[in-house]
Amino acid sequence: MTERFEIEVAGARLVLLRGDITEQEVDAIVNSANPALTPGGGVSGAIHRAGGQELTRACAAVRRERGPLSPGEAVLTPAGNLRARWVVHTVGPIWRGGRHGEAELLARAYRASLELALAHGARSVAFPSISTGVYGYPVEKAAPVALGAIRRFLEENPGGLTEVRLVLFSAADFAAYRATWEKLARG
Ligand code: ADP
């Protein structure tokens, strides 16, 4: 079964693949962080384990300087032992039924991450599926928001990034994103 899809958006590659975000060879990977930027579990725990002490210390320094992050915000740190150069830490919304601005906050988290990566000179960025783990955002509702926000950013910033990847860890998440992907690829 194919576990990688790719389309072109405004001269950039938009890639959907099944895999592990900590293994991506891109300029910046995005972490679905908690507001305190502590390692925690899930994808954030995995990124901190792979990044090591340097990453966790950089996060602690950011937290001391600017306090906790709000949903939709993003900050950037060096990536420690990861293959990527930077980690962009963003906080997604906690799902509370869908009528509390969740979609807008989720789109903002993707957009803020892309803006920050591009501002630091990154050309390639990889995302996990933000908010669809312990934060409870239904993956079939998150997929169109995530892919739509990324596509819009690429359209609005031509000549900026060369590649954005969405890296899905589980088969079920990959299938949910793939269903949205097929609609997107058709236009
Ligand atoms: P959130 O607080 O955003 O819900 P979680 O870490 O609980 O954060 O989950 C976000 C998504 O990250 C989930 O879909 C989970 O399957 C996925 N995930 C967990 N580990 C990895 C990994 N190593 N690479 C990519 N995605 C991962």
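Which residues are closest to the ligand? They are Ser 32, Val 43, Ser 131, Gly 133 and Asp 173, among 15 residues that surround the ligand, where a residue counts as near a molecule if one of its heavy atoms lies within 4 Å of it. This is a predicted model, in which local features need pLDDT of at least 70 and side-chain atom pairs count only at pLDDT 80 or more, while totals for chains, interfaces and linings use all residues. Residues are numbered from 1 along each chain as its sequence is written, and side-chain values use heavy atoms, with hydrogens and water left out.

Let us consider the polar contacts, that is, pairs of N or O atoms within 3.5 Å. An oxygen atom of the ligand lies 2.7 Å from a polar backbone atom of Gly 133. For Val 43, the corresponding distance from a ligand oxygen to a polar backbone atom is 2.8 Å, and for Tyr 135 it is 3.0 Å. Of the 560 Å² of accessible area that the ligand has on its own, the protein covers 89%; such areas come from the Shrake-Rupley method with a 1.4 Å probe.

I turn now to Trp 86. This residue is found in strand S5, residues 86-90, a strand being a DSSP run of E with at least two residues, numbered from the N terminus. Is Trp 86 buried or exposed? Trp 86 is buried, because its relative accessible area is 12%, and buried means under 20% with a 1.4 Å probe, protein chains only. Leu 76 is 10 residues away in sequence, and its C-alpha is 6.7 Å from that of Trp 86.

Key. Helix = DSSP H or I, 4+ residues; strand = E, 2+ residues; numbered from the N terminus. Buried < 20%, exposed > 50% of the residue type's maximum accessible area, 1.4 Å probe, protein only. Polar contact = N/O pair within 3.5 Å; in protein donor to acceptor, adjacent residues only side chain to side chain.
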